[in-house]
Amino acid sequence: MATCYRNIATLVSPAEAIGELTVITDAAIVVDDGQVTWLGKDLDAPACETEVDLTGKTVIPGFVDSHSHLVFGGERSEEFASRMAGKKYEAGGINSTVSATRSATAEELRANTAGLVQELFASGITTFEIKSGYGLDIETEKLSLEIASEFTEEVTFLGAHVVPAGSESDDYTDLVAGKMLESITAKWVDVFCDTGAFSVVQARKVLTAGIAAGLKPRMHANQLSNIGAIALAVELDCASVDHCTFLDDNDIELLKNSNTVATLLPGAEFSTRSPYPQGGKLMNAGIAVALATDCNPGSSFTSSMAFCIAVAVRDMGFSVDQAIWAATKGGAMALRGNQGVLEVGSRADFVVLDAPNHIYLAYRPGVAIISQTFLQGRKVFERR
Ligand SMILES: [Zn+2]
């Protein structure tokens, strides 16, 4: 049965061109059987069985969060507080979450993940990726990926997150690229290639083994330093290279001539008090950029895409339109998907904002303007 959402103050969808939005004011959108079947000016809207009045509100595509770590035990608020008091962030802090994850039950991990997925819906995210990476042994990585797959198709094996305490780096890399990979099921394979995590040589080993096993590659890179990970990501046709805090001109040139999306994670710089990457500069250079939450208990415990957009606009050189493009179509491209747009034939994944236009996402930071979230036409969140 068709439903027409009418009198929409502003209806927004990303354009093909990087960073540009198509905006219709006084709009309507028709949803039938989970798909968008019509959109345009409200004056021209076709008659529908059901009509919903959205006077004064804005409709945007559901956000696509292409980078999250939702399966974990414990939390690290004390570490955050001490870091804010001056202690430096190091990749090894992950090991404390590894201990908590290994000692959690499957039910605890599943319930924690389910709670965070509800938060994603409340923040307007309708497509999301979930990584493993807090098990770092065969049994817990396998379990983490099984739990992730209960919530999303975009499941990423991140056995190479850090070297677990007590292991030797090359031995552990061999385990990840060998027995661990053989034991797990996932769509994507990821490596944290950076100082204190895995070298370019080790990352290559894990990613090529993953590709040989039928997984598609993506990478964490250039968060803490630049050890040459971008060249590897582009060479292996990674769908996305994530963080990109430290890029040189050669990296920018490589990304420009690739199908690899640069995914920026403002929550990580915010929560580790690190310099922000200049995403607007990348987009202006013609690079497809995604914004993602990086939701994880150590370095970015936010599930709010609106927060990421606000920071991107305030501190990362993005225009509002570029930031929204990156949080929708950019995220979809980072998952090699076609979500993140509203057009005839697209999935009816959309968000209603309590706002007259999309600028409010950055203009009203920290204010709950996400009113309703729809996944394939079905309401999965409504703010009371
Ligand atoms: Zn991450």
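Modeller: Please note that this is a predicted model.

Colleague: What radius of gyration does the chain have, and what would a compact globule have with 384 residues?

Modeller: The chain fills a box of roughly 65 × 45 × 45 Å along the principal axes, as judged from its C-alpha atoms. A compact globule with 384 residues would have a radius of gyration near 21 Å.

Colleague: How many helices and strands does the chain have, and what percentage of its residues are buried?

Modeller: The chain has 13 helices and 16 strands. A residue counts as buried when 20 or more other C-beta atoms lie within 10 Å of its own. The buried share of the 384 residues is 54%.

Colleague: Among contacts between residues at least 6 apart in sequence, what percentage join residues at least 24 apart?

Modeller: Two residues are in contact here if their C-beta atoms lie within 7 Å. Of the contacts in the chain between residues at least 6 apart, the share joining residues at least 24 apart is 71%.

Colleague: How is the chain divided into domains, and how far apart are the C-alpha centres of domain 1 and domain 2?

Modeller: Domain 1 consists of two segments, 3-62 and 341-382, while domain 2 covers 64-334. Their C-alpha centres are separated by 29 Å.

Colleague: Which element gives the largest share of the side of domain 1 that touches domain 2?

Modeller: In the contact between the domains, 22 residues of domain 1 meet 22 residues of domain 2. On the domain 1 side, the elements giving two or more residues are β1 (3-14), β5 (58-61), α13 (360-363), β15 (370-375) and β16 (378-382). That side divides into 16 nonpolar, 4 polar and 2 charged residues. Its largest share, 3 residues, comes from β15.

Colleague: Is Gln-376 buried or partly exposed?

Modeller: Gln-376 lies in the loop between β15 and β16. Its phi is near 45°, a positive value in a residue other than glycine. Because it has 15 C-beta neighbours inside 10 Å, Gln-376 counts as partly exposed.

Colleague: Is Leu-136 buried or exposed?

Modeller: Leu-136 also has a positive phi in a residue other than glycine, near 60°. The loop that holds Leu-136 runs between β7 (125-131) and α4 (138-149). With 28 other C-beta atoms within 10 Å, Leu-136 is buried.

Notes:
Residues numbered from 1 in each chain as written. Predicted model: local features only at pLDDT ≥ 70, side-chain atom pairs only at ≥ 80, totals over all residues. Helix = DSSP H or I, 4+ residues; strand = E, 2+ residues; numbered from the N terminus. Rg over C-alpha atoms; globule rule 2.2 N^0.38 Å. Buried ≥ 20, exposed ≤ 12 C-beta atoms within 10 Å, placed from the backbone. Domains from an automatic or database assignment. Nonpolar A, V, L, I, M, F, W, Y, C, P; charged D, E, K, R; others polar.
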